[in-house]
Structure formats: C-alpha cells, structure tokens
Amino acid sequence: MPTALVTGITGQDGSYLAEFLLGKGYEVIGLVRRTSRLTYDRIQHLVDRIELVQADLHDLGSLMDVLNKYAPDEIYNLAAQSFVPASWSQPILTGEVNALGVVRMLEAMRLVRPQARFYQASSSEMFGKVREVPQKETTPFYPRSPYAVAKVYGHWITVNYRESYNLFAVSGILFNHESPRRGLEFVTRKVTNGVAKIKLGLADELRLGNLEAKRDWGYTGDYVRAMWLMLQQDEPEDFVIGTGETHSVRELCEVAFSHVGLDYRDYVKQDPRFFRPAEVDILVADASKAREKLGWEPRVTFEELIHMMVDADLERLERKYKQ
Ligand code: NAP
Ligand code: GDD
C-alpha cells in the first residue's frame with residue numbers, strides 16, 4: 001500500500017485529494033498545524049481512515065520528523081496562505097509559508113526521503129498581468145500580488161531542486177478550482193452562498209468587487225486527479241491544468257442567480273472594499289500538454305459547477321435554519 005503525505009489536508013484541495021487517494025488504496029497521512037480549535041470540518045467524514053500528524057511549514061524539524069516517521073512515497077504540498085487579498089495585509093507571513101515553506105518541505109525531503117515524489121501547488125496567479133492568452137507552461141510569469149510573488153518562488157525552487165538534486169519534484173500550475181467546500185471568502189462561494197441566502201430570505205443584497213475580472217474556473221474533484229497523474233509519470237515535469245474556458249465574475253453572477261430564478265442586477269452591488277490594489281484581469285488555460293501526456297480532461301462544466309455549489313449552499317442553509 002503506497003503512502004502519501006498531504007500538507008494542507010484541512011483545506012478544500014486537501015479534502016478532495018485525500019478522498020481520491022483513499023479510493024486508489026493509499027495510506028494517507030495528513031499534515032495539520034496546531035491551532036487552538038480543530039479545523040477538520042472538510043475532512044470530518046475521513047478522519048477514521050487517515051492519519052493526522054501535527055507539523056508546520058514554518059518549522060523544518062517538524063517536517064523532517066514526519067518524513068522520518070511515515071516514509072511517504074508521495075508528498076503533496078498543498079498548504080499555503082491561499083487568499084490573495086490577505087497577501088497584501090500579511091505579505092511577510094504569505095512569503096514565509098508560500099515561498100520559504102516550500103523550500104523547507106523540499107529540504108526535509110532531500111535530507112530524509114529523497115526517493116519520494118513531490119507535488120507543489122503552483123498557481124495561475126503567477127501569470128498575473130498576462131503575457132499571452134491562453135497561458136501555458138512556457139508563458140512568462142508576471143505576478144501581481146504578494147501571494148503570486150511567493151508562489152513564483154515556490155514554483156522555481158521546485159524546478160531548482162529537481163535539476164540540482166535529481167529529485168522527482170513537479171509543479172502543477174492550477175487555474176482556479178472550486179467546489180461546495182471552497183472557502184466562503186473566494187468569489188464563487190461568496191456568490192453561491194449569497195444567492196442561497198437571498199433565495200431563502202436571509203439577505204437582500206450581495207456586495208462584490210470587480211465584476212469584469214475573468215477566470216478559468218473548474219471543479220476541484222477533477223483537479224486532484226491531475227495532481228496524482230503528475231506523480232505517476234516516468235519523468236518529472238510541470239503541467240498547466242485548467243478548462244480552457246474563461247468567464248467574468250458578472251457571468252458567474254448571472255449563472256448563479258438565474259439558477260434560482262433571480263436576476264443578479266437586482267441584488268449585486270459593487271463595493272470598493274473588495275477591489276484589489278493590483279488585479280489579474282484575465283486567466284485562461286491552454287492545458288493541451290496535460291491532455292496529451294496525462295490524458296487529463298475536466299469532466300464538470302462551468303455551469304454544472306456553479307449549479308452544484310448553489311444547490312449545496314441552499315441545502316446547507318435550509319438544514320441549518322429549519323432546526
Ligand atoms: P485552502 O482551502 O485555503 O487550504 C489551505 C491549507 O493550508 C489549509 O489546510 C491550511 O490549514 C493549510 N496551512 C496554511 N498555513 C499553514 C502552515 N503554516 N502550516 C501547515 N499548514 C498550513 O486552499 P486550497 O484552495 O485547498 O488550495 C490548496 C493549495 O493550492 C494552496 O497552496 C493554494 O495556494 C493552491 N492553489 C489553489 C487554487 C484554487 O483555485 N483552489 C489554484 C491554484 C493553486 P488550516 O485549515 O489550519 O488553515
Ligand atoms: N474574493 C473575492 N471577493 N473576489 C472578488 C470579489 C469579492 O467580493 N469581487 C470580485 N472578485 C474578483 C477578484 O478581484 C478576482 O479577480 C476574482 O474575483 C477571483 O477572486 P478569488 O475567488 O478570490 O480568487 P483568486 O483568483 O484571487 O485566487 C484563487 O485562485 C488562484 C488561482 O488562480 C485562489 O484560490 C488562489 O489561492 C489560487 O492560486
């Protein structure tokens with residue numbers, strides 16, 4: 001039975017990846033940081049089937065101990081400060097975790113478990129002020145936030161450890177991916193949760209920032225499959241993962257509100273508080289390399305994804321307020 005270590009297991013991607021790996025017969029070790037309250041809501045249904053171990057990306061010794069104890073075959077480094085706006089208010093913390101945290105994990109692997117395979121959660125945010133449309137593996141980076149700058153470091157240090165130490169270390173450059181487990185502050189979930197609240201009479205407006213920004217939004221369940229496929233290849237290589245379709249935040253609102261028979265123009269208000277100091281205007285993936293080499297294709301469409309998220313929020317809120 002192969003063993004996989006997943007950092008960020010309590011996050012959106014970690015929970016889907018853990019489910020996926022269990023389905024493939026892996027023993028799953030989840031790395032969690034010490035907090036004063038448990039944050040296991042996304043993995044509550046899995047806690048009896050996985051092993052959780054405390055460590056922190058700030059602390060090299062804790063990472064080395066985990067690798068020593070569990071000797072994983074695969075390491076998925078998903079842990080990060082993942083909310084872009086928070087990276088302007090906490091740029092140093094973001095750099096510590098999203099940049100230096102990656103090299104700590106790689107150092108731990110180089111010193112303790114060099115035969116393991118390593119996946120780094122790189123991001124389409126690295127393309128930032130895009131140099132070409134669509135974006136592929138060779139598109140130059142132009143990061144537009146402290147988050148994205150830190151992710152560029154994480155990306156290149158992964159390439160560098162592969163080339164310097166001959167480690168099997170790869171980066172997945174993933175475009176935005178969403179699900180009913182997405183954090184409430186990210187725009188898709190903010191919209192689907194807002195739609196559900198308005199539909200149920202729990203709110204009467206939804207305040208958003210830039211409605212013209214465009215993103216390539218896919219379903220997380222599809223994207224964790226790509227992470228795993230990258231570690232099953234003969235040679236370590238980086239891959240862009242996305243749907244190849246782009247939609248504006250305005251279109252997202254149209255699809256989400258009309259799913260419950262409402263017109264978004266009656267409820268959505270633009271609020272300067274949610275604009276960013278520097279915006280990423282358009283992201284859209286050219287994932288042809290992943291299609292050809294990994295045989296990867298997304299299965300859930302944009303409309304299906306947004307409908308799934310609205311339905312899940314409606315169901316959750318109905319349950320909560322009926323009691
Ligand atoms: P998420 O839901 O915010 O989860 C982040 C995870 O990182 C949580 O488990 C969090 O733990 C953990 N974490 C944060 N700081 C840590 C530290 N110092 N030590 C150990 N763990 C720490 O993010 P996600 O959407 O699942 O994204 C997963 C990864 O993919 C991130 O690296 C993100 O930047 C990257 N990414 C995401 C997308 C996307 O669209 N979702 C696209 C491209 C790349 P707590 O639960 O304790 O907070
Ligand atoms: N969060 C948020 N809230 N975003 C808004 C809002 C709002 O009220 N109104 C408009 N937006 C716009 C943002 O300005 C941005 O252009 C877009 O919606 C998407 O914002 P987020 O959902 O916060 O995601 P992100 O694209 O900044 O970052 C996510 O995707 C990256 C991959 O490209 C995160 O998951 C990152 O961790 C990930 O790397």
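**Ground rules.** I number residues from 1 along each chain as its sequence is written, and I letter chains from A and number ligands from 1 in the order in which they are written. In this predicted model local features need pLDDT of at least 70, side-chain atom pairs count only at pLDDT 80 or more, and totals for chains, interfaces and linings use all residues, while side-chain values use heavy atoms, with hydrogens and water left out.

**Entry: domains.** I looked up how the chain is divided. I found domain 1 (3-177 + 217-241) and domain 2 (183-215 + 245-283 + 299-322). The bounds come from an automatic or database domain assignment. Taken over C-alpha atoms, the domain centres are 27 Å apart. Domain 1 puts 20 residues into the contact and domain 2 puts in 23; contact means heavy atoms within 4.5 Å. About 2,000 Å² is buried between the two domains, and carbon and sulfur atoms give 65% of this. Buried area is the accessible area (1.4 Å probe) that two parts lose on being put together, summed over both.

**Entry: ligand 1.** I counted 26 residues around ligand 1. A residue is near if one of its heavy atoms lies within 4 Å. Thr 10, Asp 13, Arg 33, Ser 82 and Tyr 147 come nearest. I then checked polar contacts with the ligand (pairs of N or O atoms within 3.5 Å). A polar side-chain atom of Arg 33 lies 2.7 Å from a ligand 1 oxygen. For a polar side-chain atom of Arg 182, the distance to an oxygen of ligand 1 is 3.2 Å. Alone, ligand 1 exposes 910 Å², and the protein buries 90% of that. Accessible areas come from the Shrake-Rupley method with a 1.4 Å probe.

Which element gives the most to the shell around ligand 1? I found that β5 does, with three residues. Helices (H or I, at least four residues) and strands (E, at least two) are DSSP runs, numbered from the N terminus.

**Entry: ligand 2.** I counted 23 residues around ligand 2, with Ser 123, Ser 124, Tyr 147, Arg 276 and Glu 279 nearest. A polar side-chain atom of Ser 124 lies 2.6 Å from an oxygen of ligand 2. Lys 190 has a polar side-chain atom 2.8 Å from a ligand 2 oxygen. The protein covers 96% of the 720 Å² of accessible area that ligand 2 has on its own.

Where does ligand 2 lie? Domain 1 and domain 2 both give residues to its shell, so ligand 2 lies between them.

How values were computed
A polar contact is a pair of N or O atoms within 3.5 Å; within protein, one must be able to donate a hydrogen and the other to accept it, and residues adjacent in sequence count only if both atoms are side-chain atoms.
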